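Here is a short briefing on helix packing and strand pairing. Keep the structure in view while reading.

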Amino acid sequence: MVKNTEINLSTLTRDLKKSPSDAVVIGVGKGTDGPVLLDNPLTAKSAEALADSLKSLGITGAADQIVRLPGLPETGAGILVLAGTGSVAAGKPLTEEALRRAAGSAVRQLAGLATVVLALPTASVADVAAVAEGAALGAYSFTEFRSSTDGLKDPVKNAVIFTDLAANDGVNSALKRAGLLGKAVNATRSLVNQPPSHLYPETFAEAAKDLAKGLPVKVTVWDEKRLEKEGFGGIMGVGKGSARQPRLVKVEYSPAKATSKIALVGKGITFDTGGISIKPALGMGDMKSDMAGAAVVLNTVLALAGLGLPVKATAWLCIAENMPSGAASRPADVLTMFGGKTVEVLNTDAEGRLVMADGIVAASREYPDAIIDVATLTGAQLIALGNRTAGVMGSDSVTGPLKAAADRAGELVWPMPLPEELRPSLDSQVADLANIGERHGGMMTAAVFLREFVGKGKDGEQIPWAHIDIAGPSFNNGSPYGYTHKQGTGCTVRTLVAYVEDILAAAA
């Protein structure tokens, strides 16, 4: 189902002409006094002449600006590309994220070319890694449902990173990691971009199996009969209104030398009409993306397996289609969740927290060191943090490292509190709790609901837990930017991988 796009990543040092390409990309920063030509492999004479011409060419150095010029003989390429990197300060190097975005923007906008040399400033292996990641993320397209691709440009196939560090021992590992991250993010994007006519609970489960082939992971699928028998009342309560019945998918990566144990729970609503509490028609088509959390946790575990990291990682994909029908849950229904708690359904459009609750209880029963759930959970997230920044809530011992990992990965995540005064608003007159509460601060109220289902560890204390709400940043309805394309973005896959790497490094 998911046709992944991958790019070949390699490095080159010294003579550009030894590696002929379609285009060579060099950076231009936006300085306080105008555009600034950044370090590059051009001869001093060519670089000086180009620097003197930047303003007259209309080049500003703004992020995402790409200007194509005729190639120079010394580059071995037919095109010289000037890529804006955004604001630069004298004497200060570009950040890794600025490099990542500049490389991704260039590769994205140079679709149609086969081989591109990225000659951006790289002072460290981390810089090389950032350029490689940007290239891997920029080289993406989604054309599965077009009868013809005439007029469409194929993504760049080969990205060659020009760097003096090509012989460094860490570069090959950095390129491998960048390639695996690009594959994981792009697979997440493609799942999110699937139309609901083709991606529904059963086919999502099959896609998980297909993506896991060749990796040391075990995939287990609960169908509706097993879910009903074992008491997964949240997933069944949401999914029973659809002719396409729900699924729970467990993806386990269990290396023999694992030193940590983490559980990831993802919301997988393959289409959300709102159920009986039906949504307005305007914008409902975007609800094909309501399964982004499940796609994220799936591909995070697959990336961890591909990297061979010594961590036991389990993804729980809570998959259902929320449809109105004679079999659908009604407002005022009471559901018995997995584990026995009861929930009064006051709004069937607050369905994500119901399927996630079942997954969190199931994850808790395996006593992981931490549980992280990822979900396109609330419209309130967009009100609070906008379209590009995810909200993270939960235990300080998890949210702090997650924020640090997001910063390292170049993703926007912001910690939010869980005020205790929100919990009473979830009280129900007939059940243990209701599925909606205080409207103001609704992102946090939803997280408070999920916290009720986090189990205790073997020490009797609540398992460390965090909730990431990606309702806004998981789907881009605006113009492409940097390495981010339209529609599915694959956000937080890189953050979660970085989080695992960080906790392993801290424990070493």
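The axes of helix α9 (residues 352-364) and helix α12 (residues 442-451) come within 9 Å and cross at roughly 35 degrees. The model is predicted.

**Helices α9 and α12**
- The crossing of this pair is right-handed.
- On the α9 side, the contact residues are R353, L354, M356, A357 and I360.
- They meet A446, F449 and L450 of α12.
- By class, the contact of α9 with α12 has 7 nonpolar residues, 1 charged residue and no polar ones.

**Helices α2 and α3**
- Helix α2 (residues 96-109) packs on helix α3 (residues 125-138) at about 35 degrees, with the axes 7 Å apart.
- α2 crosses α3 in a right-handed sense.
- α2 contributes E96, L99, R100, A103, G104, V107 and R108 to the contact.
- α3 contributes A126, D127, A130, V131, E133, G134, A135 and G138.
- The contact of α2 with α3 divides into 7 nonpolar, 3 polar and 5 charged residues.

**The sheet**
- An open sheet of 3 strands has the order β12-β13-β17, with mixed pairing.
- β12 (333-336) and β17 (433-434) are the edge strands, and each has a single partner, so one side of each lacks a neighbour in the sheet.
- Strand β13 (residues 342-345) runs parallel to β17, and 2 bridges join them.
- E344 stands opposite A434 in β17.

Note on methods: Residues numbered from 1 in each chain as written. Predicted model: local features only at pLDDT ≥ 70, side-chain atom pairs only at ≥ 80, totals over all residues. Heavy atoms only, no water. Axes fitted to C-alpha atoms, helices over the stretch in contact; angles between N-to-C directions. Helix = DSSP H or I, 4+ residues; strand = E, 2+ residues; numbered from the N terminus. Left-handed = near helix turned anticlockwise from the far one by under 90°. Contact = heavy atoms within 4.5 Å. Nonpolar A, V, L, I, M, F, W, Y, C, P; charged D, E, K, R; others polar. Pairing = 2+ DSSP bridges.
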